[in-house]
Amino acid sequence: MMVGMTFLVACSDDKEAATPLDVVVTESGDRVNLEAPPSVKGGVVELSLTNSGQGPHSLQFIKDTSGNHTIDDVVAFLGASEQGGPIPDWLGEGGGIGTVAPGQTGRASFRLSEGKHFVWDDETDENDKNNGTRGGITELNVTSGSGGELPEAKGSVSAKEYEFTVNDLKPGATTIQFENTGKEFHHFIAAPLLPGKTIADAKTFFESQGQGGGPPPIDFESGVGTAVLAPGNALVADLQLEAGNYAMVCFINNRTGGPPHFTMGMLQEVKVA
């Protein structure tokens, strides 16, 4: 009897592990290349992005909820010149890794459901051309599976229309859970405010699209961020934070189009201490 009970307890504690997913980004002339597996098991994935290029790179995952679209369709969306245009209704789920510097590796965990997904490098070059339109895009088949759990995080950021709720952001290497509890797509970028600058200065800068004259009031190079998430999804990302005051901002617009969310209130001052 005791042996049988021990066996049952051991089985009940045997949780399915998350699936590792390793991606390497390289550059060749004007082209960006992603080295990624063609398929992965569904459930929680532990994503790593190794930046073997010369510039910053990131990864954005999106599910094709219809299953009928192609890489060319995504490239057309990424290359559209209209700012604030609508987001296609067949794009869903989300996840990925924010900006990773050259020679570094970024890590994040999130859940992928079965079906066709697209993965692209969401950084832009000096001409504001999305790296996904320069070859940095691939298709990922997610097979059946739902196991794994998101790792525990030290801090959290929750996003909804049109605000962030932030808890326990500490300086140093840390893990942050980012959750979209709203009805629209959201992400966050957090960059330190420069000494003597305020969140009002940041708002003026963003609303003028950096054309108002003078240097930016925030330190973009020391900023951190996450990939875009659809409603109801979450991720845990490894981030490096310095102590100080940050401007936290969402640049995504509503699915139907319109101005970016920071114009509606998703530009907040956050203290890391």
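Visitor: What makes the order 14-13-16-17 an open sheet, and which way do its strands pair?

Guide: First, a caveat: this is a predicted model. The sheet has four strands with antiparallel pairing, in that order. Its edge strands are strand 14 (224-225) and strand 17 (267-272), and each of them pairs on one side only.

Visitor: How do you know that strand 16 and strand 17 count as a pair?

Guide: The rule asks for at least two bridges between two strands. Strand 16 (residues 244-249) and strand 17 are joined by six bridges and run antiparallel, so they qualify under that rule. For a landmark, look at Y246, which stands opposite V270 in strand 17.

Visitor: Why is strand 4 called largely enclosed?

Guide: Buried means under 20% relative accessible area. Eight of the eight residues of strand 4 (residues 57-64) are buried, so the rest of the structure largely encloses the strand.

Visitor: Which residues of strand 4 point one way, and which the other?

Guide: H57, L59, F61 and K63 go one way, while S58, Q60, I62 and D64 go the other, and all are buried. In a regular strand, side chains alternate between the two faces of the sheet.

Visitor: What are the pairing partners of strand 4, and in which sense does it pair with strand 6?

Guide: With strand 6 (residues 96-100) it pairs in the antiparallel sense over three bridges, and H57 stands opposite V100 there. Strand 8 (residues 115-120) is also an antiparallel partner of strand 4, over four bridges; in that strand V119 is the bridge partner of F61. Strand 5 (residues 91-92) runs antiparallel to strand 4 too, with two bridges, and its L91 is the bridge partner of D64. Two bridges meet the threshold of at least two, so strand 5 counts as a pairing partner.

Visitor: Zooming out, how do you know that the radius of gyration agrees with a compact globule?

Guide: For 273 residues, the globule rule gives a value near 19 Å, and the chain has 19 Å, so the two agree. The C-alpha trace spans about 75 × 45 × 35 Å along its principal axes.

Visitor: What share of the contacts join residues at least 24 apart?

Guide: Among contacts between residues at least 6 apart in sequence, that share is 74%. As for the chain overall, it has three helices and 17 strands, and buried residues make up 44% of its 273 residues.

Notes: Residues are numbered from 1 along each chain as its sequence is written. This is a predicted model: local features need pLDDT of at least 70, side-chain atom pairs count only at pLDDT 80 or more; totals for chains, interfaces and linings use all residues. Side-chain values use heavy atoms; hydrogens and water are left out. The radius of gyration is taken over C-alpha atoms; the globule rule is 2.2 Å times the number of residues to the power 0.38. Buried means under 20% relative accessible area, exposed over 50%, partly exposed in between (1.4 Å probe, protein chains only). Contact means heavy atoms within 4.5 Å.
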